[in-house]
Amino acid sequence: MFFYELREGDNDIFSEVIVVSESEWEPDEFFELVQSIRRRIQDTFAHDTLIEAIAVELEREHGFIYVSDDAIVASVNVSTDDAENFLARTEVELADAEEDDDDDDDEDEDEDVDFKAVIVEFDPSSRLN
């Protein structure tokens, strides 16, 4: 098995996905394959991110396996502190819970969320001294 990473973003904040292939691709060949897919779908993709859309196309057209959150069977939080070790809920479990709780809109939507992300636009040249 050969693992390939697709990254999107800059050096500070980025997203990544992993795709797996039974065949080894030279890095330059894989880059050219990804670029050809990107050029074809970049204006029409229907996924949350461009890299997810490319991963789906790699899976559909070239036999890669897209290791998405939907494929995760179990998630375990690991810590040196025993109290912080637990079986975490997966994205699929959270999505299933949301479908079952359609009539509970008054409850806190973030109750089962393990983390949150905040994206901030920051201009370092605007710092106050």
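Trainee: Over how many bridges do strand β2 (residues 14-21) and β3 pair in the antiparallel sense?

Mentor: This is a predicted model, in which local features need pLDDT of at least 70 and side-chain atom pairs count only at pLDDT 80 or more, while totals for chains, interfaces and linings use all residues. Residues are numbered from 1 along each chain as its sequence is written, and side-chain values use heavy atoms, with hydrogens and water left out. Strands (E, at least two residues) and helices (H or I, at least four) are DSSP runs numbered from the N terminus, and two strands pair if DSSP finds at least two bridges between them. For β2 and β3, the antiparallel pairing has 3 bridges.

Trainee: Which residue in β3 is the bridge partner of V19?

Mentor: Strands of a sheet pair through backbone hydrogen bonds, either parallel or antiparallel. In β3, V19 has as its bridge partner Y66.

Trainee: Which strands are the edge strands of this sheet?

Mentor: The sheet is open and antiparallel, and its 3 strands stand in the order β1-β2-β3. An edge strand here pairs on one side only, and that holds for β1 and β3.

Trainee: Is F3 buried or exposed?

Mentor: F3 is found in strand β1, which covers residues 2-9. Buried means under 20% relative accessible area, exposed over 50%, and partly exposed in between, with a 1.4 Å probe and protein chains only. F3 has a relative accessible area of 59%, so the residue is exposed.

Trainee: How many aromatic pairs are there?

Mentor: Rings of Phe, Tyr and Trp (its six-membered ring) pair if their centres lie within 6.5 Å; planes under 30 degrees apart count as stacked, over 60 as edge-to-face and the rest as tilted. By this rule, the aromatic pairs number 4.

Trainee: What kind of pair do the rings of W25 and F64 make?

Mentor: Their centres are 5.7 Å apart and their planes stand at 35°, so the pair is tilted.
W25 lies in the loop between β2 and α1 (27-41), and F64 in the loop between α2 (50-62) and β3, so the pair ties together parts 39 residues apart in sequence. W25 is partly exposed at 23% relative accessible area, whereas F64 is buried at 2%. The kind of pair asked for is tilted.

Trainee: Which residues do ring pairs link into a cluster?

Mentor: W25 and F64 both belong to this cluster.
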